[in-house]
Amino acid sequence: MGLKDDLERYREVGEKRRQDLAEFIQYGDLGQSDEIHIPIKIVSLPEFAYDRLDQGGVGQGNGGTPEPGDPVGKPQPQPGDGDDGEPGEEGGDHEYYEMDPEEFAQELDERLGLDLEPKGKKVETEEEGELTDRTRTGPDSTLDVERLFKQGLKRKLAMEFDEEYVRELLRVEGITPEEAFAYARSNHIPVSKAWIDDAFDSLPDAERGRWASIETMEENVDREPLSQRIRRDGVGHIPFRREDERYRYPEVVTKPQHNVVVVNIRDVSGSMREDKRELVERTFTPLDWYLTGKYDTAEFVYIAHDASAWEVEREEFFGIRSGGGTKISAAYELAAAILEERYPWREWNRYVFAAGDSENSSNDTEERVIPLMERIPANLHAYVETQPSGSAINATHAEEIERRLGDRENVAVTYVSGPDNVTNAIYEILSTEDEP
């Protein structure tokens, strides 16, 4: 098997993985929204095999002796092997891809042929970073000791000079402190005038005039390099000063984030039978996973409604069933209030997804729902009609929205009559997202 065959086989594995993902969305057990386990269908990976015409080598025949024609590593027949046994009744263990939301979003993009990036506004959030900024005051625990030492060391090195060399300079015949200071400065010796005055005054008379001239002194006295003196005597005392003290504090990092809130609305009235509820879950759950993987911060709001609306936890969202009637506008009124209170439009990207069987109370869609959808700012409003039978006489909600708002760039209406429609519905929703 050549490299080209290997690459082709691995491409087949990748394509099979994406097919498994689509089939999982349509027919698999979705479980909880934060657990993404995609069942693996067995795919033969590339492997090395010996030529069947090669009869040599070590095999596993009777007593360890290979039978002619046995492939290397062939397992010995066991009782019950072969095609003659009865079909098994025990279930086998299944393997899974364990995906995080980011990987799921990437796989779904590839499966649907999309390359969507988070849209909408980026919110700049300030947070504390590393202790890199400095101030002149602060608690002792944040004192930058390393910097204080370095500043003191630099000052010491800048002030260091060969004292014995300067004293020999003062022993030159007839030299004055002023002349000695001028010589020192011209030769980059960092000595102060006060030090020279003190040293000159303390010099014994017997030592004055040792050198006839500065040139004679230079010929007979070597100036010791600073590095050599430090190696011999060490650094010694480091002069620390209060003006060198700096206290570290965390820099304020401004980090742009894509924040998204997803409002999921579903009809729980008496007409929403189990098959309709399942289609809602099959559409909404992958959308939740996808947006979680795409955005830095994703939060979810779940609203159930019949003739009234109330907020629920996700665990309740797909299982609730009511015997009441239907008034979809109640859910949008609650969604508008929640978004206004918790998720201001200037800070959050908003998605409002609603699903049901398109049955609504008389005139509610036209008079209340559509005006509410127009007034609620959002990246995307989507309605998913879940009618396993395909249609119903009084199921007109989706058609009314599509007729009135279908030309808007942030409104998507899609129809799901069975699991086979789910991936197309997700594609329709995601490809309609608008840049606000």
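**Aromatic pairs and core packing**

Analyst: Not counting residues up to four places away in sequence, F284 touches N264, I265, F317, F318, F353, A354, A355 and V384. Please keep in mind that this is a predicted model.

User: How is the ring of F284 arranged against F317, stacked or edge-to-face?

Analyst: The aromatic pair of F284 and F317 is stacked, with 6.2 Å from centre to centre and 15° between the planes. Since F284 lies in helix 9 (residues 274-294) and F317 in helix 10 (residues 314-317), the pair ties together parts that are 33 residues apart in sequence.

User: And are those two buried or exposed?

Analyst: Both F284 and F317 are buried. They also belong to a cluster in which ring pairs link F284, Y295, F300, Y302, F317, F318, Y351 and F353.

User: How many aromatic pairs does the structure hold?

Analyst: The structure holds nine aromatic pairs. One of them is formed by F161 and W195, whose ring centres are 5.1 Å apart and whose planes meet at 85°, so this pair is edge-to-face. The pair links distant parts of the chain, with F161 in the loop between helix 3 (145-159) and helix 4 (163-170) and W195 in helix 6 (residues 193-201), 34 residues apart. F161 and W195 are both buried.

User: Where does R208 lie relative to F200?

Analyst: R208 lies over the face of F200, at 4.5 Å from the ring centre.

User: Switching to the nonpolar core, which residues touch the most other members?

Analyst: In the largest nonpolar core, which has 37 residues, F284, Y351, F353 and L430 touch the most other members. Among the elements that give two or more residues to this core are helix 2 (101-112), strand 7 (259-267), strand 10 (349-356) and helix 14 (422-430). Helix 9 gives the most, with seven residues. There is also a second, separate core of 27 residues, which includes Y343, V369, L405 and V413.

User: What angle do helix 2 and helix 9 pack at?

Analyst: Helix 2 and helix 9 pack at an angle of about 110°, with their axes 7 Å apart, which means that helix 2 is roughly perpendicular to helix 9. On the helix 2 side the residues are P101, E102, F104, A105, L108 and D109, and they meet P286, W289, Y290, T292, G293 and K294 in helix 9.

User: What about R246, where is that one?

Analyst: R246 lies in the loop between helix 8 (226-233) and strand 5 (247-249). With a relative accessible area of 14%, which is under the 20% cut-off, R246 is buried. R246 and T135 are 5.6 Å apart in space, C-alpha to C-alpha, and 111 residues apart in sequence.

User: And T432, what is it in contact with?

Analyst: Leaving aside neighbours within four places in sequence, T432 is in contact with L380, E409, N410, V411 and A412. T432 is found in the segment after helix 14, and at 14% relative accessibility T432 counts as buried.

Methods
Residues are numbered from 1 along each chain as its sequence is written. This is a predicted model: local features need pLDDT of at least 70, side-chain atom pairs count only at pLDDT 80 or more; totals for chains, interfaces and linings use all residues. Side-chain values use heavy atoms; hydrogens and water are left out. Rings of Phe, Tyr and Trp (its six-membered ring) pair if their centres lie within 6.5 Å; planes under 30 degrees apart count as stacked, over 60 as edge-to-face and the rest as tilted. Helices (H or I, at least four residues) and strands (E, at least two) are DSSP runs, numbered from the N terminus. Buried means under 20% relative accessible area, exposed over 50%, partly exposed in between (1.4 Å probe, protein chains only). A charge sits over a ring if NZ of Lys or CZ of Arg is within 6 Å of the ring centre and within 35 degrees of the ring normal. A nonpolar core is a set of buried Ala, Val, Leu, Ile, Met, Phe, Trp, Tyr and Cys residues joined through side-chain atoms within 4.5 Å. Contact means heavy atoms within 4.5 Å. Axes are lines fitted to C-alpha atoms, for helices over the stretch in contact, and angles run from 0 to 180 degrees between N-to-C directions. Angles under 35 degrees count as roughly parallel, over 145 as roughly antiparallel, 65 to 115 as roughly perpendicular and the rest as oblique.
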